[in-house]
Amino acid sequence: MGVQDVQDHVPVQCDFEIFGQVQGCGFTKHCRDNCIALGIKGWVKNSKQGTIMGKMQGAKADVNKM
């Protein structure tokens, strides 16, 4: 196992907010489904400002895939 392999498994946390026309197109469900498939924990929701907000925690490589 090399240095890059170890770094890819370091746990990280990411807060995010997605802007644009993202509500009403299934993006929240898509994000949630992808996180579940990758084993990422956290939450995602539609905001009152018309954006999508969330927080995810998982292995660095998996969070980067999102």
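A disulfide here is a pair of cysteine sulfur atoms within 2.5 Å. Keep that in mind for the end of the tour. You're looking at a predicted model, where local features need pLDDT of at least 70 and side-chain atom pairs count only at pLDDT 80 or more, while totals for chains, interfaces and linings use all residues. Residues are numbered from 1 along each chain as its sequence is written, and side-chain values use heavy atoms, with hydrogens and water left out.

Helices (H or I, at least four residues) and strands (E, at least two) are DSSP runs, numbered from the N terminus.

Next, show side chains for Phe16, Val22, Cys31, Cys35, Ile40, Val44, Ile52, Met56 and Val63: that's the largest nonpolar core. Core members are buried Ala, Val, Leu, Ile, Met, Phe, Trp, Tyr and Cys residues joined through side-chain atoms within 4.5 Å. Buried means under 20% relative accessible area, exposed over 50%, partly exposed in between (1.4 Å probe, protein chains only). Helix H2 (27-38) and strand E3 (52-59) each give two or more residues to this core.

Zoom in on Cys31. Leaving out residues up to four places away in sequence, Cys31 touches Phe16, Val44 and Met66 (contact means heavy atoms within 4.5 Å).

Now the cysteines: how many disulfides does the structure hold? It holds 0. Pick Cys14, whose nearest cysteine sulfur, that of Cys35, is 9.6 Å away. Cys14 is partly exposed, at 26% relative accessibility. Finish on Cys25: its sulfur is 11 Å from the closest cysteine sulfur, in Cys31, too far for a bond. Cys25 counts as exposed, at 51% relative accessibility.
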